[in-house]
Amino acid sequence: MAAEPAETGTTELLSLALSRPYEALERARDLLEAGLPALEASVARQAVGIVLREFGDIDAAVEELRAARDLARASGSPEREADVLATLGVALVFAGRTAAGRAALNAAAQRSTGLLRGRILLRRGGVLLALGEHRAALPDLNTAIAVLRSEGDLLWEARARTERAFCSLALGSVRSAVTDLGRAEELFIRTGQELESVDAIVHRGVLAHRIGDLPAALSCFDAAAERYARLGTADPALSVHRCAALLAAGLAEEALDEADAEIDRLERVRGAPLKRAELLLAAAECALAAGRPAAAIDRARAAARLFGRQRRPWWRVHARLVLAQAGFAAGPPSESLLRDAAGCARELTALSSSRLPLSRLVAGQIALALGRTEEAEEHLGVAAEARRRGPALSRTAGWLAEALRAEAAGDHRRLMRACRRGLELINEHRATLGSSELRAQAGAHGAELAGLAQRHALRLNRPRLLLAWSERWRAGALVLPPVRPPDDEDLQADLAAMRMVTSRLDEAQARGLPTAALRREQVRLERAARARTRRAQGCDRVVPFSFDLPRLREELGERRLLELVDVAGELHVLVCAGAGPVRMVAAGRTEEAGRQVDLVRFALTRLAHGRSRLTPEQLLGQLDAAGRALERLLLGEAVRLLGDREVVIVPPGRLQAVPWALLPALRDRVVSVAPSAAFWLRARGTATAGTGVALVRGPGLASEGAEVAHIARDLRDAARAPVSPEVAPVVLGGGTATIARVLEAMDGARLAHIAAHGVFRTDNPLLSSLRVDDGPLTVYDLERLRRAPRHVVLSSCDSGRARAAGADELLGLAASLMQLGTAGIVASVVPVNDVAVVPLMIALHRGLRAGARLPAALHEAARATAHDPVTTATGWSFLCLGAG
């Protein structure tokens with residue numbers, strides 16, 4: 001055992017370095033300044049080196065540890081020198097000087113015995129783990145744990161168990177990892193190690209992610225980040241693990257931002273090259289998932305170069321695997337790319353890596369693209385074995401491999417079965433999530449499976465099969481029980497503070513005061529609220545997919561349902577009626593249609609608000625022509641199959657903001673828009689009647705919410721009639737329209753009409769809001785409703801907009817209300833003219849009181865109030881969403 005330093009105050013420094021690092025650093029420097037003998041000075045220098053290493057200043061750490069080694073040698077204590085040498089070896093490996101670091105660790109191990117040898121073997125095993133040499137690390141860690149346990153060294157035993165747990169995870173032994181991490185956390189708590197107890201939280205998050213419990217993983221990572229911030233430190237490994245969890249959640253852009261930000265931070269503080277390489281690999285995976293193969297290639301190449309210099313073959317082959325994936329995504333496939341992918345697969349087999357199935361899948365996909373079917377079958381057969389074990393998302397990749405094998409073999413039944421089983425696993429994963437955002441994003445993991453099935457149905461020219469697979473792909477999050485935010489006082493406090501900051505920000509802007517600090521606080525609170533909702537656990541109740549075409553036909557009656565399906569960038573219109581076959585018509589390219597929708601929405605906004613040098617009549621003429629062009633792109637020859645009946649449209653998420661009433665073939669007919677046919681059918685059959693009417697007028701409207709007073713008066717008159725089912729409405733505004741009262745009035749209402757300015761947040765759709773008297777009413781607030789209102793009218797701004805996410809699903813105000821159970825919503829897809837809206841809304845409510853259904857009432861109101869270009873464009877801007 002190392003010689004003990006004299007009682008000079010250095011005895012606790014090494015344990016303090018990883019529990020209270022700032023205190024350790026200050027005490028060590030004070031003692032060194034006061035002057036110490038060589039033995040004690042070596043301890044103080046070693047403690048400083050450890051703290052600097054943990055803070056990321058790796059070059060300064062190496063300098064301190066070399067000084068500590070020289071002092072230990074001068075003290076004449078070989079055990080002290082061996083201990084410092086081992087710490088120096090770890091730092092050298094972190095600095096990317098792998099050979100020198102390993103040599104130092106080997107020399108330290110040879111010079112040590114007893115307890116000190118156990119501690120040094122732990123450090124050497126940890127370095128081998130970091131280098132990806134998992135099987136070589138296990139003997140060192142097993143011996144270290146046995147020695148440390150027998151010597152009663154609880155703290156170092158905890159450290160060794162943590163390292164062994166990650167070895168076990170890398171080698172596929174989850175049960176062993178659970179046992180070791182549980183015991184390590186107990187020991188860290190008993191020994192009072194503040195910093196390492198935070199590391200234990202991170203480790204729990206990694207384990208939760210590995211077994212598929214994404215909310216628990218995110219919760220652990222958020223908690224660890226808060227604790228690290230309180231300690232004034234940061235751990236690049238946390239960012240790597242958090243990026244992996246965000247990717248599993250379908251949040252690739254957010255994961256990429258996190259990885260790049262941490263890389264920038266490490267460069268600023270001259271952090272460990274070892275960690276920078278790992279972050280570059282994480283960033284490459286994030287860029288690939290975000291659809292940026294060129295960026296993924298750049299980052300993966302940089303990571304592979306660093307791993308090569310650091311002599312870390314396990315990590316380097318993983319970087320090369322991402323390079324192969326990104327190369328395939330960027331295209332075109334080549335023989336050299338196939339050789340690289342196959343080489344990765346061979347190396348990963350030897351390393352027993354959990355990424356082996358993915359490497360085989362990539363190699364199989366490249367081989368298929370090159371027409372090398374025998375080689376593809378070999379790779380895909382191995383990849384398909386993963387469908388039998390592991391978390392849901394890992395098994396999904398196995399079913400994708402099986403589907404590709406079946407497609408190559410021309411086996412229709414096997415292909416469809418594999419696609420179906422893979423998407424069922426996505427639904428299992430989705431059911432574990434309690435956040436509407438994560439539920440919507442989860443569907444992205446099934447994109448390739450759904451695309452395979454849809455392309456196959458298209459090749460077979462089977463419209464009914466294509467309709468069924470389009471529905472299976474779209475209906476995922478909508479068939480689960482509605483999301484309810486966690487009953488979390490901290491979440492409610494964050495939302496309340498966010499509203500306060502938003503009000504102060506508006507006031508500061510109006511007065512021309514500085515807003516930078518308020519904006520930073522607003523961003524912080526928004527992130528906190530978003531993080532809290534993501535931690536919510538799901539219901540774990542998987543609702544089997546069901547698409548009842550006969551029942552859909554029965555409910556449609558004389559209506560026509562048009563489902564627009566995007567297959568490989570081309571739109572196909574499926575036309576379904578109460579009788580006859582499902583028909584299929586080719587339309588335009590999705591990308592071109594999306595650009596045209598953006599142009600049309602811009603023109604509608606200019607006409608509504610007078611932002612053009614053209615006359616309103618000229619703008620209206622341009623819109624009319626644009627509507628005809630858009631109709632050709634969206635519907636093609638399907639317009640000939642509509643007859644004169646009501647139409648239900650089910651568009652892809654990219655086209656959710658189409659002002660459908662602008663299209664000439666739809667101007668003179670009743671139109672409703674639904675996220676899926678299954679949702680439309682469910683809303684028709686299960687929506688409750690609701691009781692009462694809520695009328696809400698928010699502040700700042702140019703019309704002062706004039707329609708609310710008219711509608712309230714008409715409803716009160718109707719309620720006074722001798723025989724009337726009507727009751728007097730709840731009217732809120734002018735200070736009474738607070739969030740609490742608005743939610744109370746909406747809860748279970750037959751109809752809620754909200755005239756309030758809104759904000760659609762493309763960066764965070766769940767923070768899209770309606771402005772009421774005490775601040776923004778967000779999606780998070782709406783999710784607290786116990787019973788959704790049956791019908792909702794949102795008469796201002798562009799509250800009908802949503803952002804496509806995951807499996808062509810939607811996030812936004814209107815989308816959240818539909819998920820909660822609202823049957824029909826009237827809302828605009830462009831910022832409308834507040835004054836022009838008033839007559840439209842009054843006419844809409846008169847139609848409803850006369851017994852018209854919501855889509856029919858909107859259609860008749862738009863036709864009756866189209867007196868000039870502005871009111872005509874206003875009518876075109878509104879949609880009836882849902883079943884009405």
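Trainee: Which residues form one aromatic cluster?
Mentor: This is a predicted model: local features need pLDDT of at least 70, side-chain atom pairs count only at pLDDT 80 or more, and totals for chains, interfaces and linings use all residues. Numbering starts from 1 along each chain as its sequence is written, and side-chain values use heavy atoms, with hydrogens and water left out. The aromatic cluster consists of Phe 307, Trp 314 and Trp 315.

Trainee: Is the pair of Trp 314 and Trp 315 stacked or edge-to-face?
Mentor: A search of the whole structure gives 2 aromatic pairs. In this one, Trp 314 and Trp 315 lie 5.1 Å centre to centre, with 75 degrees between the planes. Rings of Phe, Tyr and Trp (its six-membered ring) pair if their centres lie within 6.5 Å; planes under 30 degrees apart are stacked, over 60 edge-to-face, the rest tilted. The pair of Trp 314 and Trp 315 is therefore edge-to-face.

Trainee: Are Trp 314 and Trp 315 buried or exposed?
Mentor: Buried means under 20% relative accessible area, exposed over 50%, partly exposed in between (1.4 Å probe, protein chains only). Trp 314 has 13% relative accessibility, and Trp 315 has 16%. So both count as buried.

Trainee: Over which ring does the charged end of Arg 387 sit?
Mentor: A charge sits over a ring if NZ of Lys or CZ of Arg is within 6 Å of the ring centre and within 35 degrees of the ring normal. Lys 275 does this over Phe 94, at 5.8 Å from the ring centre. For Arg 387 the distance is 5.1 Å, and the ring is that of Trp 399.

Trainee: Which strand do 8 bridges join to E1?
Mentor: Strands (E, at least two residues) and helices (H or I, at least four) are DSSP runs, numbered from the N terminus. Two strands pair if DSSP finds at least two bridges between them. E1 spans residues 560-567, with 6 of its 8 residues buried. Its antiparallel partner over 8 bridges is E2.

Trainee: Which residue takes a positive phi in the hairpin of E1 and E2?
Mentor: Val 567 has Glu 570 as its bridge partner in E2. The hairpin has 2 residues between the strands. The positive phi, near 55 degrees, belongs to Ala 568.

Trainee: Which residue in E4 stands opposite Glu 563?
Mentor: E1 and E4 (residues 647-650) run parallel, joined by 4 bridges. Leu 562 stands opposite Ile 649. Opposite Glu 563 is Val 650.

Trainee: Which residues cover the two faces of E4?
Mentor: In a regular strand, side chains alternate between the two faces of the sheet. All four residues named here are buried: Val 647 and Ile 649 on one side, and on the other Val 648 and Val 650.

Trainee: Which residue in E5 stands opposite Val 648?
Mentor: E4 also runs parallel to E5 (residues 671-673), with 3 bridges joining the two. Opposite Val 648 is Ser 672.

Trainee: What is the bridge partner of Arg 771 in E11?
Mentor: E10 (residues 769-772) and E11 pair antiparallel over 4 bridges. Within E11, the partner of Arg 771 is Pro 776.
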